[in-house]
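I opened this notebook to record what I looked up in the structure shown below. The entries follow the order in which I consulted it.

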Amino acid sequence: MRIIALMNQKGGVGKTTTCVNLGAALAEMGRKICLIDLDPQAHLTINYGINLTPEVISLYDVLLGEKTFLEAMHRVDDENIALVPSSIDLAAADIELASVPGRELVLRRAIEAAQHDFDYILLDCPPSLGLLTVNALSCANEVIIPMQPHFLALQGVAKLLETVQIVNRRMNPKLKVSGIVLTMFDSQTKLTSEVVAELNAFIEQAKGKPLPWAGAKIFDSKIRRNIKLAESPSFGQTIIAYGPTSNGAADYRALAKEIDAMTPATAPAVQVTPEPQVAPIAPTPKVEVTISPSIQSNPITTKVAS
Ligand SMILES: Nc1ncnc2c1ncn2[C@@H]1O[C@H](COP(=O)(O)OP(=O)(O)OP(=O)(O)O)[C@@H](O)[C@H]1O
Ligand SMILES: [Mg+2]
C-alpha cells in the first residue's frame, strides 16, 4: 500500500484537483483508493457531493478519537474509491489537539488500527504547514508536490522541504518526496522551461545525499491547463466521469500510469530515534533555498546542512 500526501503550502496549485483526478484515474486502472480530505476548506469533500452537515462523520471525529477511520469512510459512486471527508471543525483541530500527547501521529494511528485493502491512500493537504499537514506527513510514505510552474512557484519550497525533513527525522523514516507534478502547465512559455530547469538543478543537487527528496523527480506527465478540470467539481464529478476524452483526463491517466509503475525510491539513510509520543524540541536541520528575484539571471542556490 502506498500512502501519498499531496502537499504544497501554496494555495491554488492543484493539490485537490490532483487528489481527485489522480485517484479517479488510478481507480479506473482497478486500484482501490482511499481519499482523505485534510483541508478545512473541504474542496475534495465538496467535489464528491458530500454534505457538510454536523451529522456527517468526518476526519475531525477521527482525529479527536471519537470515531474510527473506517467509521468515517464514505462510499462514493466509484466502487474503487472511498473518501474520508473534511469538516469546517477541522479548522480548530490545531488548538483542540494542542494538549493531546502524540498529536502529530493521531491520523497514522487511526489508519494503522484499521483493517483495509487499499492500494493507495491519497491525502489532500491544506495550504499550510500546520498540524494537519504534519499528521499527513507522519503517516505518508511519499510526498508528491503539485506545483504551478511560474516564477513565484519556487517560493516556499525551502520551508516545505524543511517540514518534510523534520517529520522524516523525528517521526517517519519512510517518508520521501517522490516527485513534483507540474500543474496548469503551458509548455509554450519560456518561463515554464526556466522554472523546470531550475527545479531539475535543485533536485540534482540532492542526489546521493541523505535527504528525503534525494530520489525525487519531475514527473514526465504534466497536467495541462484544461477548462474541464476546472468545471468538473461543480458537477460533483471527476474528470474521468465528466470529460473522459478531455486533455485533463488524458493527463491524469498518464500521471496515474507513471506513478503506478514507479518503484518508490529507497528511503533515505537517516538516523531516526524511536517513535516519540510528542515530537522532541531539538535543533533541526536547515534547508536553505534562495530564490533570486529573476530566475533568468540567477539560479536558485541551495544549502543543506544536516
Ligand atoms: N490543470 C488545470 N486546468 C485548469 N484549471 C485547474 C487545473 N488544475 C486546477 N485547476 C483549478 O485551479 C483552482 C485551484 O485548484 P485546486 O483547488 O486543485 O488547488 P489547491 O492547491 O487544492 O488549492 P488550495 O490550496 O486552496 O487547497 C481550482 O479552481 C481548479 O479547478
Ligand atoms: Mg485544495
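**Ligand 1 and its surroundings**

I began with ligand 1 and found that one of its nitrogen atoms lies 3.0 Å from a backbone N or O atom of arginine 224. I count such a pair as a polar contact, meaning N or O atoms within 3.5 Å; within protein, one must be able to donate a hydrogen and the other to accept it, and residues adjacent in sequence count only if both atoms are side-chain atoms. The protein covers 80% of the 630 Å² of accessible area that ligand 1 has on its own; these areas come from the Shrake-Rupley method with a 1.4 Å probe, and for residues only the protein chains shown count as cover.

I note the basis of all entries: this is a predicted model, in which local features need pLDDT of at least 70 and side-chain atom pairs count only at pLDDT 80 or more, while totals for chains, interfaces and linings use all residues. Residues are numbered from 1 along each chain as its sequence is written, chains are lettered from A and ligands numbered from 1 in the order in which they are written, and side-chain values use heavy atoms, with hydrogens and water left out.

I then looked up the oxygen atoms of ligand 1. One oxygen atom lies 3.0 Å from a backbone N or O atom of valine 13. For lysine 15, a side-chain N or O atom is 2.8 Å from an oxygen atom of the ligand.

Which residues come nearest to ligand 1? Of the 18 around it, they are Val13, Lys15, Thr16, Thr17 and Asn226; a residue is near if one of its heavy atoms lies within 4 Å. I recorded the shell as six nonpolar, seven polar and five charged residues. Helix H1 (15-28) and helix H9 (227-231) each supply at least two shell residues, and H1 gives the most, with three. Helices here are DSSP runs (H or I, at least four residues), strands likewise (E, at least two), numbered from the N terminus.

I checked backbone angles next. Alanine 42 has a phi near 60°, a positive value in a residue other than glycine. Alanine 42 sits in the loop between strand S2 (33-37) and H2. Is alanine 42 buried or exposed? It counts as buried because its relative accessibility is 0%; buried means under 20% relative accessible area, exposed over 50%, and partly exposed in between (1.4 Å probe, protein chains only).

Threonine 45 lies in helix H2 (residues 43-47) and is buried, also with a relative accessible area of 0%. I found its C-alpha 5.2 Å from that of proline 85, 40 residues apart in sequence.

In helix H6 (residues 131-139), nine of nine residues are buried, among them Asn135 and Cys139.

Methionine 184 has a positive phi, near 45°. I placed it in the loop between strand S7 (176-182) and helix H8 (190-206). At 25% relative accessibility, methionine 184 counts as partly exposed.

**Serine 234**

My last entry concerns the loop between H9 and helix H10 (239-242), where serine 234 lies. Serine 234 counts as exposed because its relative accessibility is 63%. A polar atom of its side chain lies 2.7 Å from the backbone oxygen of glutamate 231.

Methods: Ala, Val, Leu, Ile, Met, Phe, Trp, Tyr, Cys and Pro count as nonpolar, Asp, Glu, Lys and Arg as charged, and the others, Gly among them, as polar.
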